[in-house]
Amino acid sequence: MAAPDVIKYTEQHEWVKPIDSERVRVGITDYAQQQLGDVVFVQLPEIGDQLDAGSVMGEVESTKSVSDIYAPVSGEVAARNEDLADQPELVNSAPLEAGWMVELRMTDPGELDQLLDEAAYQNLIDQG
């Protein structure tokens, strides 16, 4: 699945798409959802929660396993995808679109520079 150049990635298979200079949208990658299998439940942080980059911010439960979701950058949860409560399968069908998980108001936008670009992420999963 091709992704726009503005999307960044983590080694834990989250994607990060800037919305504006302060906010980013976060989800798990197409590769991650394929590895998980059919997603049956998503636990997300609450709006207003403060997260540190690398900290656990929720989990995804699939028919195969339960996996943690990590905050790719530090910030406050500004929005969460409430559709996932009733339709967790959106993570499988549209991980970069309707299957997004949270929006974060970043405390340090410079943290984006530490994430992987598409080529580096593709290299990571190719070696996986």
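Is Tyr-9 buried or exposed? At 5% relative accessibility, Tyr-9 counts as buried, where buried means under 20% relative accessible area and exposed over 50%, with partly exposed in between (1.4 Å probe, protein chains only).

Before I go on, a word on the model. This is a predicted model, where local features need pLDDT of at least 70, side-chain atom pairs count only at pLDDT 80 or more, and totals for chains, interfaces and linings use all residues. Residues are numbered from 1 along each chain as its sequence is written, and side-chain values use heavy atoms, leaving out hydrogens and water.

Back to Tyr-9, then. A search of the whole structure turns up one aromatic pair. Tyr-9 and Tyr-121 make that pair, and they are stacked, at 4.6 Å centre to centre with 10° between the planes. For Phe, Tyr and Trp (its six-membered ring), rings pair if their centres lie within 6.5 Å; planes under 30 degrees apart are stacked, over 60 edge-to-face, and the rest tilted. Tyr-9 sits in strand β1 (residues 8–9) and Tyr-121 in helix α4 (residues 118–127), so the pair ties together parts 112 residues apart in sequence. Helices (H or I, at least four residues) and strands (E, at least two) are DSSP runs, numbered from the N terminus. Tyr-121 is buried as well, with a relative accessible area of 5%.

Now the cores. The largest nonpolar core has 25 residues, and Val-24, Val-42, Met-101, Val-102 and Leu-104 have the most contacts inside it. A second, separate core of nine residues includes Ile-7, Ala-79, Tyr-121 and Ile-125. A nonpolar core here is a set of buried Ala, Val, Leu, Ile, Met, Phe, Trp, Tyr and Cys residues joined through side-chain atoms within 4.5 Å.
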